[in-house]
Amino acid sequence: MGGMIVLMALAVVVVIGLLLLISCIKIVPQAKAMVVERLGAYQATWSTGLHFKMPIVDRVARKVDLKEQVVDFAPQPVITKDNVTMRIDTVVFYQITDPKMFCYGVANPIMAIENLTATTLRNIIGDLELDQTLTSRETINTKMRASLDVATDPWGIKVNRVELKNIIPPAAIQDAMEKQMKAERERREAILRAEGEKKSTILVAEGNKESAILDAEAEKQAAILRAEAQKEAKIREAEGEAEAILKVQQANADGIRFLKEAGADEAVLTIKSLEAFERAADGKATKIIIPSEIQGLAGLVKSAKEIINE
């Protein structure tokens, strides 16, 4: 009986020993870290992998997440340089770089970051006017990140990014901004309409100018064509008259040649010449100038007739 009790006690001790041994084996997962204390003092920081701690004297003081984390803080009231009160909420992206400093540097890291963010934001916005605050988000984000990163470095925290999530001005300011934007849109619309009308007027004027130029060019071409037609008509008329004179002269020449070939004497030639002059006068001339040679021949003819009559 006593042996059974001893065996049972021994089995219990073995089981407790196994459980204690198992509890001393720790596996740290990826992107995690464990801060280990020995008898209440910092002992080591375990990174990813298998670790073994001393029973009873060692304990895991804190498990730390090394991944980048995001914390969204509630809107904070801030006052601008021109005394406008607005509410701004921020989003902070941070990452724990030193688990030991994170555990022992500050009691409540998240609350510390929130308060530090609020005070830093007030300091930055206090140097800006309302319009600058609304249009300088990137500048504000950069300044806040730099300030928070320096302040949180002793805590083992690195601030990677700070973003202004919402900027909420007072209702009166919002109403005034909406009216201003409406007036600006109406002004832009009026400018665009005026520019459109101006371009339309310019295009119409250019079209009229082009039409006038085309009309003038057409009139010029028509005048040139009329002048060329008149010139051509006069040339043809002159050519016709010249051809008629040439034919008359040719006919006279043929007649004289015919008389010569027929053996006509000087008297006949003289009479024919006088008849030619008569036709040249055409009954319209009141005076005909007869060459001296023809006059002499006419005188001889008259003398001959008188001698014959006697």
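**Reading lysine 53 and two kinds of pair**

Tutor: Lysine 53 reaches with its side chain to the backbone oxygen of aspartate 58, at 3.2 Å. This is a predicted model: local features need pLDDT of at least 70, side-chain atom pairs count only at pLDDT 80 or more, and totals for chains, interfaces and linings use all residues. Residues are numbered from 1 along each chain as its sequence is written, and side-chain values use heavy atoms, leaving out hydrogens and water.

Student: How do I read a salt bridge, and how many does the whole structure have?

Tutor: Side chains of opposite charge can pair when their charged atoms come close. The rule asks for a side-chain nitrogen of Lys or Arg within 4 Å of a carboxyl oxygen of Asp or Glu. The search finds 12. One of them joins arginine 59 to glutamate 37, with the closest N and O atoms 3.0 Å apart. Arginine 59 lies in strand β5 and glutamate 37 in strand β2, so the pair ties together parts 22 residues apart in sequence. Strands are DSSP runs of E, at least two residues; helices are runs of H or I, at least four.

Student: Is glutamate 37 buried or exposed?

Tutor: Buried means under 20% relative accessible area, exposed over 50%, partly exposed in between (1.4 Å probe, protein chains only). Glutamate 37 is buried, at 8%. Arginine 59 is partly exposed, at 46%.

Student: Which side chain of opposite charge is nearest to lysine 53?

Tutor: Lys and Arg count as positive, Asp and Glu as negative; His and chain ends are not counted. For lysine 53, the nearest is aspartate 58, 6.9 Å away. Lysine 53 is buried but has no salt bridge.

Conventions:
Polar contact = N/O pair within 3.5 Å; in protein donor to acceptor, adjacent residues only side chain to side chain.
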